[in-house]
Amino acid sequence: MSELSVNHLLGIKYLTEKDIELIFETADQFKEVINRPIKKVPSLRDITIANLFFENSTRTRLSFELAEKRLSADVINFSAAQSSVKKGETLIDTVNNILAMKVDMLVMRHPNPGACVFLSKHINASIINAGDGAHEHPTQALLDSYSIREKLGSVTGKKVVIVGDILHSRVALSNIFALQLQGAEVRVCGPKTLIPKYIESIGVKVETNLEKALQWCDVANMLRIQNERLDVSYFPSTREYVQQYGLTQNILNKLNKEIIIMHPGPINRGVEITSEVADGKHSIILNQVENGVAIRMAVIYLLASKIKV
């Protein structure tokens, strides 16, 4: 059996193209499982997984928990808000206390970039990064690529534009790495103040005009403005942002071709995307959510198979 080249999923930048192929092939099998009447497999009956969320999350957390339970793993959920972290306990102490209870794998979301990489050097369990600050969100990028592959047959050679708050987005960076690794061409689109200075150095062109970007692409991935991370004002007003970068059905109708619309969620309807577009025929947003469970099952299963060895 093929296996992953890594012992953790810390970020897309640590994966090879072969790793991504293996994750997708495994996800194909699990997608069949979750569409059966009995949606569980006994694959990880002897594995215990702890979900450590130091930041709020709905979809990612539920998706991971569901994936773990579909694989028959034992699951414990940890929320920083109700924990001893509030009393000043360090991250390593918190995690080591959890691992002392014979936990095999950690799924962690943390507000600090690099928290999972730091932890991987100090502990003995397999770690999956469920989002670290504005750095990476590897499983989101994998499910996004998987959804494109499912819809268009392949990611290679496709043109993908990521629109919105690129500067504060962990989804954007992971997506750029994953798409480039699979041979797609990536551009970003948004106000200049929300585009990181380094973006062109990683082979990504910037387009500030939304209609031009959509005319160029096969797939548009719409990101929300991360108001919780905006410490200063990056654009004059939400109204002005909507006028320049909000995706409406009217804009789509003007294109002389069909494109696919994606969104990692949560959606701010009426800001980056209207309800008509989010729920329309171009949108694969709910497919992304469904595929998230299969992709996370695949990642957990493949990493767990390395633990047992």
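My entries on the sheet and the pocket follow.

**Ground rules.** I am working with a predicted model, where local features need pLDDT of at least 70, side-chain atom pairs count only at pLDDT 80 or more, and totals for chains, interfaces and linings use all residues. Residues are numbered from 1 along each chain as its sequence is written, and side-chain values use heavy atoms, leaving out hydrogens and water.

**Sheet.** I looked up the strand order and found an open sheet of five strands, β7-β6-β5-β8-β9, paired in parallel. Strands here are DSSP runs of E with at least two residues, helices are runs of H or I with at least four, and both are numbered from the N terminus; two strands pair if DSSP finds at least two bridges between them. β7 (205-207) and β9 (260-262) each have a single partner strand, so one side of each lacks a neighbour in the sheet.

I then checked β5 (159-163) against β6 (185-189) and found five parallel bridges, with K159 partnered to E185. α5 packs on the sheet, where α5 touches β5, β8 (219-222) and β9; contact means heavy atoms within 4.5 Å.

The largest pocket has a volume of about 760 Å³, the space filled by probe spheres set on grid points joined across faces, edges and corners. A pocket is an open set of points on a 1 Å grid over the protein atoms alone, where a 1.4 Å probe fits, with protein on both sides within 12 Å along at least five of seven lines; lining residues have an atom within 4 Å of a point. Of its 39 lining residues, R59, T60, P264, G265 and P266 are closest to the centre. α11 (285-308) gives the largest share, eight residues.

Note on methods. Axes fitted to C-alpha atoms, helices over the stretch in contact; angles between N-to-C directions.
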